[in-house]
Amino acid sequence: MVALKEYMADPAAAQEKIKAQTAEIAAIREGIAEMLGIYGSIGLAAIRPGKPGKIDLGRIDSVDQVNIKRLRRLIGRGEGIYFRPTERDTHDVLFLDDVPADVCYQWKDCALIVETSPGRHQLHARLDEGVPTDMAKRIQGAMCHTTGADLGCGGDVYHFRRLPGTPNTKYDDAPRVRIAHAGSQRIRADGWRKAVCLYRMRSENIMRRIPKAELVEAPKRWTNYAGDDLSVSDMRYVVYLVARGMGLEQIRARLEAESPDLALRKRGNPDAYIE
C-alpha cells in the first residue's frame, strides 16, 4: 500500500494515496460481486490491449477467491481485466458489446448497462428463463443486429467482457469501467426464441426445394466451428462442407439455418465464402 518512509515524508499525501487505493479495491470487489450476482460463476482473465494472448486467472465463485493484490499488479502493468461466464448448459444472461447509447436507454429496464469509457457501453441482457447454448447463440446474434451492437460478439455467449470497477487500459487516461444502470425486469426469452425459429423455418424451406439426390451428408454443424469472429467461423464451416462435396444451394441453406443472422451480416450473399 504505502511505505512507512513515504508516510513519514508526507503524511497528508500518503493518507490520500491510501484512501484512493482503498476505494479502488472496493470498486473491484463490488464489480466482481455484481457480475457473480447475475452470472453465477465467472472466469477472469487479464488481456493487454494490442497484445496477443491472455493470462487466465481462473474460475471465480465468490469475491473472496479473488487475489485483488495480483489484479492490481496486472492493472499496473497495463493489463485489462475481463471476465466471461463459465461453461453451462443454459443461459439467462446474454451479452452485447459497444451498444449505441439510445438503445441502452430503450433496454435499461431489463439489462445491466456497463459504461466501459465515456459514451461506450456494454449491455448484459437478462432473460426470464434459461435457454440452451445453441439457442442462446442465435438469440444473442439476433439481438446484436437488432440493437446495432458490435457483431464481434454475435453468437459468442462466452465472449470476454470488461469487469466493472477496473480501469479501461485501452485508453491513456484509463477511465474506470462502471455500472451505469441496473434494470430489474427481464426479457421474454420466448419472443426471441420464436423469432429465431421463424427465420430457421424459412431456411429449411429452401432445403426442401433441393432434390434429395443432390443432398450430401455432413454431420458437423456450424457450432463445431464457432469462434469469436463469426465470418471466420462461417468460412471454416463452408470449407468443411465443400470438402464433403456439398453443392452451393445446400451450403447456402445450411449457413442460413445455422450461422447467426447470416443474411443480415452478409446481405444474403454466402456465395462470397466459396468464391
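The legends below describe close-up views of a predicted model.

**View 1. Strand E3 and its surroundings.**

**View 2. Strand partners of E3.** Strand E1, residues 42-47, pairs with E3 in the antiparallel sense over 6 bridges. Within this pairing, Ala 45 stands opposite Tyr 82 of E3. Strand E7, residues 161-162, also pairs with E3 in the antiparallel sense, over 2 bridges. Here Tyr 82 stands opposite Arg 162 of E7.

**View 3. The aromatic pair of Tyr 39 and Phe 83.** The structure holds 2 aromatic pairs. One of them is formed by Tyr 39 and Phe 83, in an edge-to-face arrangement with 5.6 Å centre to centre and 70° between the planes. Tyr 39 belongs to helix H2 (residues 11-39) and Phe 83 to strand E3, so the pair links distant parts of the chain, 44 residues apart. Tyr 39 and Phe 83 are both buried.

**View 4. The aromatic pair of Trp 107 and Trp 192.** The ring centres of Trp 107 and Trp 192 are 6.4 Å apart, and because their planes meet at 45°, the pair is tilted. Trp 107 lies in helix H4 (residues 101-107), whereas Trp 192 lies in helix H6 (residues 189-208), so the pair ties together parts that are 85 residues apart in sequence. Trp 107 and Trp 192 are buried.

**View 5. A charge over a ring.** Lys 108 has its charged end over the ring of Tyr 105. The distance from that charged end to the ring centre is 5.3 Å.

Definitions and conventions: Residues numbered from 1 in each chain as written. Predicted model: local features only at pLDDT ≥ 70, side-chain atom pairs only at ≥ 80, totals over all residues. Heavy atoms only, no water. Pairing = 2+ DSSP bridges. Helix = DSSP H or I, 4+ residues; strand = E, 2+ residues; numbered from the N terminus. Phe/Tyr/Trp six-rings, centres within 6.5 Å; stacked < 30°, edge-to-face > 60°. Buried < 20%, exposed > 50% of the residue type's maximum accessible area, 1.4 Å probe, protein only. Lys NZ or Arg CZ within 6 Å of the ring centre and 35° of its normal.
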